[in-house]
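Here is a brisk report on one chain. Please look through the sequence and the model before reading on.

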Amino acid sequence: MLKRNTNLTNRFPFAMRDAFTLLLMLSMLFTAFSAHAENTANTSDENLPVEVTADSLNAKDKEGVSIYQGNVVITQGTTTIKGDKVTLHHPHRKISTAIVIGKPATFKRYLEEEKGWVTGHADKITYSAAQKTLLLEGHAQVIQEGKNSISGPKILYDLTLKTLSAKGEKQDRIKMIFTPDEQEQK
């Protein structure tokens, strides 16, 4: 079980700054899914319609669950999320959890302020509106185009505390790659 790490910023200020930039995109991915999601960036994508395409949909409104299966693609502006199966839990018609499963589940988004793409993948991506967290599980990786990347078996991002936790295993450790900014090299 991953724990929230409020001391990460104090111990690794450079790592947290870059990890925050890298994972800023993650916090914006599911904003369209929930009125409870924290508004972490002022982007025009969030004001655009969300389109979901899939081979099939099984919606159980009374149970508050919708399951999209087969080549699921969710788009909103420059954001694209793909998976084999997406399960939305929406009791009282408000999204509480979104689970994207794939081989792998992927996302990409263009960040105007960074002038580049952020992409990522995992076997499973889970957004929790109540906890305001994103959990990437199974071969998880997030890449900031031309900059930094983080990979490992589990990556947890807390949207409220703006903290990152990652958990490795004996055979599959966490790996973070920092690419110096061209301006910092001069």
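Which residue in β5 is the bridge partner of His-89? The partner is Thr-97.

**Basis**

This is a predicted model, in which local features need pLDDT of at least 70, side-chain atom pairs count only at pLDDT 80 or more, and totals for chains, interfaces and linings use all residues. Residues are numbered from 1 along each chain as its sequence is written, and side-chain values use heavy atoms, with hydrogens and water left out.

**Confidence**

The predictor's confidence in each residue, pLDDT, runs from 0 to 100. Its mean over the protein chain is 76, and 72% of the residues reach 70 or more. Strand β2 (residues 56–60) has the highest mean among the elements, at 95. Helix α1 (residues 8–11) has the lowest, at 41. Over residues 5–43 the pLDDT is below 50. Beyond near neighbours in sequence, that stretch still has 91 contacts in the model. A contact means heavy atoms within 4.5 Å.

**Overall layout**

The chain has three helices and 10 strands. Helices (H or I, at least four residues) and strands (E, at least two) are DSSP runs, numbered from the N terminus. Along the sequence the pattern reads α-α-β-β-β-β-β-β-β-β-β-β-α. Of the 186 residues, 42% are buried. Buried means under 20% relative accessible area, exposed over 50%, and partly exposed in between (1.4 Å probe, protein chains only). Among contacts between residues at least 6 apart in sequence, 46% join residues at least 24 apart. The chain exposes about 10,500 Å², with carbon and sulfur atoms supplying 50% of it. These areas come from the Shrake-Rupley method with a 1.4 Å probe.

**Strand β4 and its partners**

Strand β4 covers residues 79–89. Two strands pair if DSSP finds at least two bridges between them. β4 pairs with β3 (residues 65–76) in the antiparallel sense over 10 bridges. Within β4, Lys-82 stands opposite Val-73. β3 and β4 form a hairpin with two residues between them. In the turn, Gly-77 has a positive phi of about 60 degrees. β4 also runs antiparallel to β5 (residues 97–111), joined by eight bridges.

Thr-87 counts as buried, at 11% relative accessibility. Leaving out residues up to four places away, Thr-87 touches Val-65, Ser-66, Ile-67, Thr-97, Ala-98 and Ile-99. Leu-88, also in β4, is buried at 10%. Beyond four places in sequence, Leu-88 has contacts that include Gly-64, Tyr-68 and Ile-95. Leu-88 and Val-65 are 23 residues apart along the chain, yet their C-alpha atoms are separated by 5.7 Å.

**Core and aromatic pair**

In soluble globular proteins, nonpolar side chains tend to be buried together. A nonpolar core here is a set of buried Ala, Val, Leu, Ile, Met, Phe, Trp, Tyr and Cys residues joined through side-chain atoms within 4.5 Å. The largest such core has 24 residues. Val-86, Phe-107, Ile-125 and Leu-136 have the most contacts inside it. At least two core residues come from each of β3, β4, β5, β6 (116–128), β7 (133–144) and β8 (149–158). β5 gives the largest share, five residues.

The structure holds one aromatic pair. The ring centres of Tyr-110 and Trp-117 are 5.4 Å apart and the planes stand at 70 degrees, so the pair is edge-to-face. Rings of Phe, Tyr and Trp (its six-membered ring) pair if their centres lie within 6.5 Å; planes under 30 degrees apart count as stacked, over 60 as edge-to-face and the rest as tilted. Tyr-110 is partly exposed at 26%, and Trp-117 is partly exposed at 29%.

**Backbone exceptions**

Most residues other than glycine have a negative phi, and most peptide bonds are trans. The bond from Lys-103 to Pro-104 is cis, with omega near -5 degrees. Pro-104 is found in β5.

**A loop glycine**

Gly-168 is in the loop between β9 (163–167) and β10 (175–177). At 29% relative accessibility, Gly-168 is partly exposed. Outside four places in sequence, Gly-168 contacts Pro-153, Arg-173 and Ile-174.
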